[in-house]
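Subject: Structure handover

Hello,

Here is the structure for you to look through. My notes follow below it.

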Amino acid sequence: MALTLYNTLSRKKEPFAPLDPAQVRMYVCGPTVYDYAHIGNARPVIVFDVLYRLLRHLYGPEHVTYVRNITDVDDKINARAAKDYPGLPLNEAIAQVTQKTADQFHADMDALGALPPTVEPRATEHIGEMRTMIDRLIANGCAYVAEDHVLFHVAAMPRLRAVVRASLDEMIAGARVEVAPFKRDPMDFVLWKPSKPGEPSWTSPGGIETPGRPGWHIECSAMAAAHLGEVFDIHGGGIDLVFPHHENEIAQSRCAHGSAVMAQVWMHNGFLQVEGEKMSKSLGNFVTVHELLTGWQGYAWPGEALRLNMLRTHYRQPLDWTFVGLDEAHKTLWEWYGAVEGSAAAPEAPASIIEALSDDLNTPKVIAELHKLHSAGHFEGLRAALGLLGFSGERARIERSRQDEAGSEAADADAVDALIAARSDARKAKNFAEADRIRGELEAMGIVLKDAKDPNTGELVTTWEAAR
């Protein structure tokens with residue numbers, strides 16, 4: 001089956017045909033390195049890692065170039081550096097924050113089974129390319145200098161709204177800089193701005209004497225062009241980047257290079273929420289990958305369980321991240337890994353797996369096929385498919401799931417009921433120390449007790465369930 005991908009530009013699935021099959025090129029927007037990556041940040045990493053693996057399978061590893069950038073110049077980075085290292089000059093503090101955070105990001109993504117990209121450029125390494133692009137935009141009338149800023153003039157690109165039909169209000173709000181009197185149009189967005197004293201700064205383009213730093217959008221355009229060329233195959237990222245970031249990338253890249261497109265295919269993964277709600281620190285459901293790997297609510301999960309839980313929902317659909325689902329993913333991996341233990345992988349993943357992946361990364365169908373392989377005892381094919389998807393297949397790499405632990409400890413329901421009865425007798429005898437000891441024993445077995453009064457008799461009734 002030929003590879004088809006949903007193109008946000010055309011709003012439909014299309015057969016994928018690389019510009020050059022010997023050099024398939026993909027760019028994905030990477031992290032701004034100032035804090036741990038949360039699970040929403042992990043979704044595009046996992047989604048496009050699966051696509052990267054599939055492209056390598058179809059075209060050969062040596063024929064695929066995957067670029068994912070690191071943004072290491074940003075107001076959030078400056079603020080974090082000043083907070084964490086108040087005794088250091090700001091630039092030194094920024095270097096500490098960006099290196100530490102980038103290392104954390106790499107460790108977390110490695111734990112999720114993500115391959116490193118072919119190239120991982122940093123924004124600060126490509127300031128020269130950004131200045132060159134900005135000067136070109138000024139020269140061809142698509143950008144202008146105003147009060148030490150350089151701004152892209154939206155009116156110079158009539159078809160700016162190539163990816164989404166954003167309203168005028170959205171476009172104005174997306175300009176990413178407060179509406180300023182020096183803008184020719186409220187929708188114009190910043191390509192370069194002056195740096196404040198002590199902030200990172202470089203020689204400005206456009207003949208501006210004041211040192212400055214790049215705007216956010218120009219960074220990805222310059223890095224993509226530097227490593228993939230002016231026009232390439234696939235540009236990916238989260239749905240939250242469609243507007244204004246990707247809109248603005250398209251506008252400035254097309255104007256700078258005089259090209260009809262920046263990338264042939266634009267792909268975007270859907271939003272992620274936690275337990276049915278938008279992830280927010282104020283709601284207490286803001287979860288980082290690092291916390292899930294090292295300890296969250298008293299338990300840690302292996303990265304491969306996070307990966308499977310993420311892939312159970314199609315990448316373009318909203319994903320409701322639940323801890324019940326995470327436990328189920330963990331238990332499933334434990335069963336699959338136990339089945340393939342000691343078996344060799346088939347030379348290639350089964351055709352049904354490749355077919356499902358080639359249908360716009362239909363990972364829910366892929367997982368259904370994995371269950372079929374497991375049930376049918378096709379363990380060599382299962383192992384090959386797991387490997388293609390980025391799973392190790394090694395039980396030694398993952399701990400036993402919490403569901404399995406609870407289930408094995410609580411397998412004898414009669415024993416649990418007997419302990420609950422003994423606790424009830426201890427409470428009636430006012431031997432609360434013994435009652436508490438028994439409750440602790442049950443909790444250690446993975447049993448959660450719920451005490452409630454019978455509405456008819458008023459007596460205390462205890463029910464139980466295995467801990468999630």
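Helices (H or I, at least four residues) and strands (E, at least two) are DSSP runs, numbered from the N terminus. By that rule, E465 is found in strand β15, residues 460-466.

Two points on how to read the values. This is a predicted model, so local features need pLDDT of at least 70 and side-chain atom pairs count only at pLDDT 80 or more, while totals for chains, interfaces and linings use all residues. Residues are numbered from 1 along each chain as its sequence is written, and side-chain values use heavy atoms, with hydrogens and water left out.

**The whole chain**

The chain has 16 helices and 15 strands. Its C-alpha atoms fill a box of roughly 90 × 55 × 40 Å, taken along the principal axes. Of its 468 residues, 50% are buried. Buried means under 20% relative accessible area, exposed means over 50%, and partly exposed is in between (1.4 Å probe, protein chains only). Contact means heavy atoms within 4.5 Å. Take the contacts between residues at least 6 apart in sequence: 73% of them join residues at least 24 apart.

**Domains**

The domain assignment gives domain 1 (4-269), domain 2 (272-402) and domain 3 (413-466). Such bounds come from an automatic or database domain assignment. The C-alpha centres of domain 1 and domain 2 lie 29 Å apart. Their contact takes 30 residues from domain 1 and 36 residues from domain 2.

UniProt, in an unreviewed entry, has the annotation "domain: Cysteinyl-tRNA synthetase class Ia DALR" for residues 352-400. UniProt positions are given in the numbering used here, feature names are shortened, and annotations may be inferred rather than shown by experiment. Over residues 352-400 the chain is 63% helix and 0% strand. The end C-alpha atoms of that stretch are 29 Å apart.

**The listed binding site**

Which residues does UniProt list for "binding site"? The unreviewed entry gives C29, C220, H245 and E249. They span 221 residues in sequence, yet no two of their C-alpha atoms are more than 11.2 Å apart, so they gather at one spot.

Start with C220. It sits in helix α6, residues 216-228. C220 counts as buried because its relative accessibility is 2%. Leaving aside neighbours within four places in sequence, C220 is in contact with Y27, C29, N69, H245 and E249.

Now H245. It sits in helix α7, residues 242-257. H245 is buried too, at 1% relative accessibility. Beyond four places in sequence, H245 touches C29, W216, H217 and C220. The side chains of H245 and H217 also make a polar contact, at 3.0 Å. A polar contact is a pair of N or O atoms within 3.5 Å; within protein, one must be able to donate a hydrogen and the other to accept it, and residues adjacent in sequence count only if both atoms are side-chain atoms.

Helix α7 also holds P244. A cis peptide bond joins F243 and P244, with omega about 5 degrees. Most residues other than glycine have a negative phi, and most peptide bonds are trans.

**Positive phi**

R11 is not a glycine, yet has a positive phi of about 60 degrees. R11 lies in the loop between β1 (4-7) and β2 (12-15). D360 is not a glycine either, and its phi is positive at about 55 degrees. D360 lies in the loop between α11 (351-358) and α12 (363-376). Are these two buried or exposed? R11 is partly exposed, at 35% relative accessibility. D360 is buried, at 1%.

**Nonpolar cores**

A nonpolar core is a set of buried Ala, Val, Leu, Ile, Met, Phe, Trp, Tyr and Cys residues joined through side-chain atoms within 4.5 Å. The largest has 69 residues, and L292, W321 and L370 have the most contacts inside it. Helix α1 (residues 39-59) gives the most to this core, with eleven residues. Domain 1 and domain 2 both give residues to this core, so it lies between them. Apart from it lies another core of 37 residues, including I134 and M157.

**Domain 3 end**

R423 lies in helix α15, residues 413-428. R423 is buried, with a relative accessible area of 4%. E465 is partly exposed, at 39%. Leaving aside neighbours within four places in sequence, E465 is in contact with G446, I447, V448 and K450.

Best wishes
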